[in-house]
Amino acid sequence: MSTSRTDAAVRARRRATQEMLERLQAALAAAARDHTPVTVAALARTARVSRTFLYQNQQARALIEQANRVDRPHPAVSDSGSRAQPAWRERALNAEDALAQAHREIRTQRTHIAELLGKIRDLEHDLPEGSLQRIVTENTTLKQHVRQLTQDNQQIQERLTSARQNNHFMDKRIADLEAQLVPYLTTPPPPPRP
């Protein structure tokens, strides 16, 4: 039984390693397609593997070395700049578009904020002079009134609880007295004496 568990664990480990190697190959292919430099940190991030795996696994190291050899131009080849140039040009254009979009969004947000601030100023100007102080005073008075009502409500709740307890006590007392009177009510009265 122990051997079957060990075999299952080994198979699971090999399967996980194979999946990591496949992700690494996909990341290397993407780096070659985009003409980006191959670094361990970037590969680990893209392939979702640890750097330790890339350093310790022999197959992973071999794949990285092979990619670096293919990526490294020979001294006789001089068109390495022309190969990377379209990718960088495309990235630069995408970055410019994103920057322009961000500027448009910032302008829109600033315009919206300015409109809202204008509405607030308009509302403040529509108030007659001294009304702000009157509103603040009324607000304070209302808060005090709410506080007083809350206290009154709490006192009434306490009184109601006490009244319920008293009522419950009285019900018990009445039941006890009725229980004491039951023998007298069920027994017939004695006959009158002649």
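**Note on the predicted model: helices and two loop residues**

1. His 35 sits in the loop that joins α1 (2-34) to α2 (40-47). Helices here are DSSP runs of H or I with at least four residues, numbered from the N terminus. Although His 35 is not a glycine, its phi is positive, about 60°. His 35 is partly exposed at a relative accessible area of 27%; buried means under 20%, exposed over 50%, and partly exposed in between, with a 1.4 Å probe and protein chains only.

2. This is a predicted model, in which local features need pLDDT of at least 70, side-chain atom pairs count only at pLDDT 80 or more, and totals for chains, interfaces and linings use all residues. Residues are numbered from 1 along each chain as its sequence is written, and side-chain values use heavy atoms, with hydrogens and water left out.

3. Arg 48 lies in the loop between α2 and α3 (51-56). Arg 48 is not a glycine either, yet has a positive phi of about 55°. Its relative accessible area is 60%, making Arg 48 exposed.

4. Helix α6 (residues 131-186) contains 56 residues and spans 79 Å from first C-alpha to last, close to the expected 82 Å; the expected span is 1.5 Å times one less than the number of residues. At Gln 180, α6 bends by about 30°, and Pro 183 follows within four residues. The bend is the angle between axes fitted to the seven residues ending at a residue and the seven starting there.

5. On confidence, the protein chain averages a pLDDT (the predictor's confidence in each residue, from 0 to 100) of 84, and 89% of the residues score at least 70.
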